[in-house]
Amino acid sequence: MDINISDDLLKQHLIDPELCIRCDTCESACPSNAITHDIRNYVVDADACNGCLECISGCPTGAIDNWRTVHRGAAYTVAEQLGWDHLPPAMGVAEKTRQGIPASAATPMENAYTREAPLRAIVVENRRLTAETSASDIRHIVLEAADDFAWLEGQSIGVLPPGLDAAGHRHMMRLYSVASPRGGDSGIKNRLALTVKRVLEDHEGKPHRGLCSNHICDLQPGAVAEITGPHGRNFLMPDDPSTTLLMICTGTGIAPMRAMLAQRLQRLHTISGRQILFYGARTPEEMPYHAELLALPRGFAETEFAFSRVDGQPKRYVQDALRDHTALVTNCLSDENCYIYLCGLKGMEAGVLAAFEEICRNSGIDWHELAGKLKHNGRLHVETY
Ligand SMILES: Cc1cc2nc3c(=O)[nH]c(=O)nc-3n(C[C@H](O)[C@H](O)[C@H](O)COP(=O)(O)OP(=O)(O)OC[C@H]3O[C@@H](n4cnc5c(N)ncnc54)[C@H](O)[C@@H]3O)c2cc1C
């Protein structure tokens with residue numbers, strides 16, 4: 001993006017402190033070290049930012065995608081931004097980029113409800129998806145929003161845990177991918193499903209009772225949750241029915257894929273593209289929606305499951321499944337009409353990208369060059385947490 005409007009005017013890149021969940025994705029993606037943070041805010045240094053937009057595609061809330069026209073010399077300083085609770089008002093219509101979004105994707109509504117003005121939603125269902133005998137408690141939670149709430153597949157909502165943090169502020173929202181298509185879960189408007197794992201240990205395996213996931217998993221039908229959003233525009237699906245979706249996920253990463261599959265299922269007779277799903281879990285009993293996926297109409301989706309802890313069978317991860325289907329994956333990577341989605345725990349991302357790199361190397365394709373093009377053209381979407 002050309003941030004130089006004229007000799008006098010600059011398009012200044014800013015991060016919305018109300019929406020930012022401090023996940024650090026933008027700072028690690030910025031090639032010019034323009035993004036920095038303190039314990040309160042992530043901010044952009046106007047002197048260092050060149051408008052390359054490399055930071056945009058990873059942001060799960062859209063907090064990163066904010067621009068203000070300012071006089072050169074009067075740009076907001078880093079120190080000023082670090083003190084902000086809100087962005088300064090925009091003159092005219094606030095600009096958003098469509099960087100990394102499929103050309104045929106619908107325009108999403110974003111951030112209609114915020115931490116300061118959340119929406120109430122009633123829990124209508126709370127059902128365990130994983131076997132009772134499993135240590136992994138993953139739940140299908142259905143919420144009915146108390147007011148109009150319009151999301152697109154691939155967007156998330158924020159859930160606000162009750163109570164205050166140590167500094168006396170409301171807790172930061174946690175994001176959860178919507179697992180229902182835009183028309184509503186089971187076709188009921190304003191009704192949306194989440195796929196939530198109860199966090200009982202940290203990523204190192206030490207005991208840790210996750211604040212928000214336990215709050216949600218304990219909500220019984222009739223209880224009220226406070227939600228924000230819808231958030232994000234970087235995991236949107238193409239609406240063009242001739243496009244192919246290659247979906248790769250583990251565990252709760254199935255949530256946005258469930259929404260996309262349901263959306264395509266509703267338009268079954270107009271779809272000429274393919275739905276290809278590579279999905280990993282420890283066992284079939286710990287795989288959310290395993291039975292639901294097996295019950296999809298024959299020929300609608302090509303599903304490949306990978307299980308890593310089935311007694312008597314070798315461990316097979318989702319990246320192993322990709323390697324077992326080299327020709328299919330190579331075709332998907334090369335096909336301009338194929339859009340690739342990757343969602344799940346952070347740990348799986350490196351394995352899947354390494355599998356892509358290996359598959360490309362064996363076919364004489366430069367993965368790093370291709371990955372840049374895929375992201376730029378809205379064909380590669382990664383949402384890991
Ligand atoms: C775009 C996006 C979409 C998401 N979608 C989903 C979803 O569909 N379903 C879902 O269950 N979660 C999802 N998450 C993760 C979710 O936002 C929370 O981070 C998670 O529920 C933990 O929050 P908590 O308050 O329970 O834990 P906290 O009290 O905030 O503790 C977080 C700590 O728990 C540990 N941890 C262990 N397992 C996890 C885990 N699965 N996720 C995050 N941290 C973990 C980490 O060490 C982390 O530091 C998503 C995150 C993002 C950014």
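**Notebook: the ligand and the domains**

I began with the shell around the ligand. Its largest share, 4 residues, comes from S8. I note that the model is predicted.

Next I looked up which residues come nearest to the ligand. They are Leu175, Tyr176, Thr195, Cys212 and Ser213, out of 23 residues around it. By type, I sorted the shell into 10 nonpolar, 8 polar and 5 charged residues.

Threonine 195 places a polar backbone atom 2.7 Å from a nitrogen atom of the ligand. Leucine 211 has a backbone N or O atom 3.0 Å from an oxygen atom of the ligand. For cysteine 212, I found a backbone N or O atom 2.7 Å from an oxygen atom of the ligand.

How much of the ligand does the protein cover? On its own the ligand has 900 Å² of accessible area, and the protein covers 83% of that. I also listed the elements that give two or more residues to the shell: strand S8 (174-177), strand S9 (191-197) and helix H3 (211-218).

I turned to the domains. The chain is divided into domain 1 (9-82), domain 2 (119-231) and domain 3 (244-384). Where does the ligand lie? It lies between domain 2 and domain 3, because both give residues to the shell around it.

Last, I checked domain 1 against domain 2. Their C-alpha centres lie 28 Å apart. I found 6 residues of domain 1 in contact with 4 residues of domain 2. About 450 Å² is buried between these two domains. Carbon and sulfur atoms give 76% of that area.

Definitions and conventions
Residues numbered from 1 in each chain as written. Predicted model: local features only at pLDDT ≥ 70, side-chain atom pairs only at ≥ 80, totals over all residues. Heavy atoms only, no water. Near = heavy atom within 4 Å. Polar contact = N/O pair within 3.5 Å; in protein donor to acceptor, adjacent residues only side chain to side chain. Areas by Shrake-Rupley, 256 points an atom, 1.4 Å probe, with all protein chains shown as cover. Nonpolar A, V, L, I, M, F, W, Y, C, P; charged D, E, K, R; others polar. Domains from an automatic or database assignment. Contact = heavy atoms within 4.5 Å. Buried area = accessible area lost by both parts, 1.4 Å probe.
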